[in-house]
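Please open the model in a viewer with the secondary structure displayed. The stops below are given as selections to be made in turn.

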Amino acid sequence: MPSTVILEKKQAQVAALAERIKGSIAGVVVDYKGINVEDDTKLRKELREAGVEYTVVKNTLLKRAADIAGLSGIDSVLEGTTAIATSADDYVASARILSKFAEKHPNFSLKTGYLDDEVIDMAKLESLAKLPSREVLLATVCSVFSAPIAAFARGIQAIVDKGGVEACAKEEAPAEEAAEETPAEETAE
């Protein structure tokens, strides 16, 4: 039987982890075996820069914290070495970074993930990892919205370059007069 101090310490760890899971919008659970200290340091730095919190945890502590946080279905993957990466404001950062890292390190693997307090399967996790970053998505949306405006601006500039509306009207007038002079019978043929 563990001492009271150790038991209180573990309960505090479980409570803190449960609050972290509740406060995050997305998370990924990984099997981190087979990576060296240098690679782990690089991975942690990249995750930290993306606003992702990454921690190695004991399976029993993560199971209890997940139960408190309302994540059912995570128990089946809690064996071996386990770490969890959580993000409070980016849905794809943890999945994208960890998936890219797993491609380069064969022993490192994704176990499961969650979005908005719901455990997702590996297919959803992999598709989530393939999404571009928030900044790239926003840039794409902005370019789609700005394309019609840019086309309109180019059209207006073309009119100005030709000498204004009056000059464009004079160019079109002779073509309209020629169409009126042509008999209807000739146009029907």
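Begin by selecting D31 and S109: in β4, S109 is the bridge partner of D31. The coordinates come from a predicted model, in which local features need pLDDT of at least 70 and side-chain atom pairs count only at pLDDT 80 or more, while totals for chains, interfaces and linings use all residues. Residues are numbered from 1 along each chain as its sequence is written, and side-chain values use heavy atoms, with hydrogens and water left out.

Strands here are DSSP runs of E with at least two residues, helices are runs of H or I with at least four, and both are numbered from the N terminus. Two strands pair if DSSP finds at least two bridges between them.

Next, select the whole sheet. Five strands form an open sheet with antiparallel pairing, in the order β2-β3-β1-β4-β5. At its edges lie β2 and β5 (118-120), each of which pairs on one side only. On average, neighbouring strands are turned by 20 degrees against each other, direction ignored.

Axes are lines fitted to C-alpha atoms, for helices over the stretch in contact, and angles run from 0 to 180 degrees between N-to-C directions.

Now hide the cartoon and show side chains. Which residues have the most contacts inside the largest nonpolar core? They are V28, V30, L43, L47, Y54, L98 and F108, in a core of 22 residues. Such a core is a set of buried Ala, Val, Leu, Ile, Met, Phe, Trp, Tyr and Cys residues joined through side-chain atoms within 4.5 Å; buried means under 20% relative accessible area (1.4 Å probe, protein chains only). Elements supplying at least two residues each include β1 (26-31), α2 (37-49) and β3 (83-87). Helix α4 gives the largest share, six residues.

Centre the view on Y54. Leaving aside neighbours within four places in sequence, its contacts (heavy atoms within 4.5 Å) include R20, D40, R44, I84 and F108.

A second, separate core has 16 residues, among them V14, A18, A65 and L78.

Finally, select the entire protein chain, which contains eight helices and five strands. Of its 189 residues, 32% are buried. Among contacts with a separation of 6 or more, 80% involve residues 24 or more positions apart.

Key:
Buried means under 20% relative accessible area, exposed over 50%, partly exposed in between (1.4 Å probe, protein chains only).
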